[in-house]
Amino acid sequence: MDDAAILSLEHQFHLQDVLGEHNWRVDMNAPVFEFTFPSGESLTCESFHFLGSAAPGPASWMWVWANPSGFPEALTQLAGSVRDLGERHGVAELTSAEVPFADLPGAPDMPHNAVGPPTEAAKVLTGRWTSYNGEVGGGTRASFLVEHPAFRLPAPDPARTAGLLQQAVSGLPLTDHRRAVYTYGNLRGLDPAFADDGARLTLSAEGLALTVSFDEYGRVKNVEGTVG
């Protein structure tokens, strides 16, 4: 969860910027995943992957590969690869067909929160970083990973990156700030490097240089940057 957290948050912020006010529809048989806008324009995903759903009745998350509805293999294959990685590394939440909300990280009590942990895990394990979830009836929410060129992140911007880090450490349930920030920098191509004492981490790229300072408990204390 720490490994996924910050890069996932950045992708979701970018998705909000791209979509704005919108409606969505999915046809599993076609298959088509489409966003439509008040202007009358639409955006159809190049591909999408169904991960599973969170239902309020049983208060559980069900992986799509365990769903008896028989969805096309092309939509469920990615979730199957997450299960295979879970089996290899002994992660019960990734290999159990149905996971009670209480057994998920943070013990969420509502479907819109329960889709988060399995979706975040799927992102970091598969390298697909843009997710979308929506209600599909009776309070149940379905979670997807969606792909389109418009969803790809722009080059890192110093001010936006610093703001992102501050929002992440103040708003996300991170357990290891050092790991979360380092992994984000590595995945984002920001050449992360710790100082010898581990109290500072530098992130750098063309036109960007940030220093993240940590307190004695390993929590982010400050983010400073310069524009090159």
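Predicted model: local features only at pLDDT ≥ 70, side-chain atom pairs only at ≥ 80, totals over all residues.
Residues are numbered from 1 along each chain as its sequence is written, and side-chain values use heavy atoms, with hydrogens and water left out.

**View 1. The whole chain.** Seven helices and twelve strands make up its secondary structure (DSSP runs: helices are H or I, at least four residues; strands are E, at least two). The C-alpha trace spans about 55 × 45 × 30 Å along its principal axes. Buried residues account for 43% of the 228 residues (buried: under 20% relative accessible area, 1.4 Å probe, protein chains only).

**View 2. The hairpin of S1 and S2.** Strand S1 (residues 23–27) and strand S2 (residues 32–36) run antiparallel, joined by five bridges (strands pair if DSSP finds at least two bridges between them). A hairpin of four residues connects S1 to S2. Asn23 stands opposite Thr36 in S2. Arg25 stands opposite Glu34 in S2.

**View 3. The open sheet.** Three strands follow the order S1-S2-S3, with antiparallel pairing. S1 and strand S3 (42–44) stand at the edges with a single partner strand each, so one side of each lacks a neighbour in the sheet. Neighbouring strands of this sheet are turned by 20 degrees against each other on average, direction ignored (axes are lines fitted to C-alpha atoms).

How values were computed:
Axes fitted to C-alpha atoms, helices over the stretch in contact; angles between N-to-C directions. Buried < 20%, exposed > 50% of the residue type's maximum accessible area, 1.4 Å probe, protein only.
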